[in-house]
Amino acid sequence: MALTITSQAFSQNGSIPRRCTCDGEDTSPPLEWSGLPQGARSLVLIVDDPDAPDPKAPKMTWVHWVLYNIPPSATGLVEGVKAEALPEGTKEGLNDWKRTGYGGPCPPVGRHRYFHKLYALDTVLDDLGKPTKAQLEKAMAGHVIAQSELVGTYQRSR
């Protein structure tokens, strides 16, 4: 069975609910995963938007959430999960608002895609403090044994 990540809040390429965005409560969506490969020692979750600031002329990838060292015994995250309720051992990195935690979709223009990327690693990473996505990806290099992604979309109503 392949590694898969899903959400009860939206389907693959479906619209992310308003409550999970800056126009709502800005709560993280519920996420579930299955199919961890044998030898997985930890998981990484990165949520980002490659369409920033405008899907017709993207200039950067905006990072919304960074989690690492999620234990392989975890099978998902509840909606609106807070730092103190993350699975034991899970560490948080910095998003592009320069803070830890989830920051929901808040696109300035157009319909953006939000990639919820789950990686299974063959190791538990050293404590990286509060790494950026780039720092975490560097630490993960050579340790990814499986990956999956769930893409959701969002466009603000003006």
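**Salt bridges, cores and a buried serine**

Six salt bridges turn up in this structure, a salt bridge being a side-chain nitrogen of Lys or Arg within 4 Å of a carboxyl oxygen of Asp or Glu. The model is predicted, so local features need pLDDT of at least 70 and side-chain atom pairs count only at pLDDT 80 or more, while totals for chains, interfaces and linings use all residues. Residues are numbered from 1 along each chain as its sequence is written, and side-chain values use heavy atoms, with hydrogens and water left out.

One of the salt bridges joins Asp23 and Arg156, with N and O 2.6 Å apart. Asp23 sits in the loop between β2 and β3 and Arg156 in the segment after β9, so the pair ties together parts 133 residues apart in sequence. (Strands are DSSP runs of E, at least two residues; helices are runs of H or I, at least four; both are numbered from the N terminus.) Asp23 is buried at 18% relative accessibility, and Arg156 is partly exposed at 25%. Here buried means under 20% relative accessible area, exposed over 50%, and partly exposed in between, using a 1.4 Å probe and protein chains only.

Next come Lys117 and Asp48, whose closest N and O atoms are 2.8 Å apart in a salt bridge. Lys117 is buried at 13%, and Asp48 is buried at 1%. Both also belong to a network of salt bridges with Lys133.

Then there are the nonpolar residues. A nonpolar core is a set of buried Ala, Val, Leu, Ile, Met, Phe, Trp, Tyr and Cys residues joined through side-chain atoms within 4.5 Å. The largest one has 26 residues, and Trp33, Leu45, Trp65 and Leu77 touch the most other members. Strands β3, β4, β5, β8 and β9 each supply at least two residues of this core. Apart from it lies another core, of 10 residues, including Val63 and Tyr119.

Finally, Ser7 lies in the loop between β1 and β2 and is buried at 11% relative accessible area. A polar atom of the Ser7 side chain is 3.0 Å from the backbone nitrogen of Ala9, and a polar atom of that side chain is 2.6 Å from the backbone oxygen of Pro30. Leaving aside neighbours within four places in sequence, Ser7 is in contact (heavy atoms within 4.5 Å) with Pro29, Pro30, Leu31, Glu32 and Leu150.

How values were computed: A polar contact is a pair of N or O atoms within 3.5 Å; within protein, one must be able to donate a hydrogen and the other to accept it, and residues adjacent in sequence count only if both atoms are side-chain atoms.
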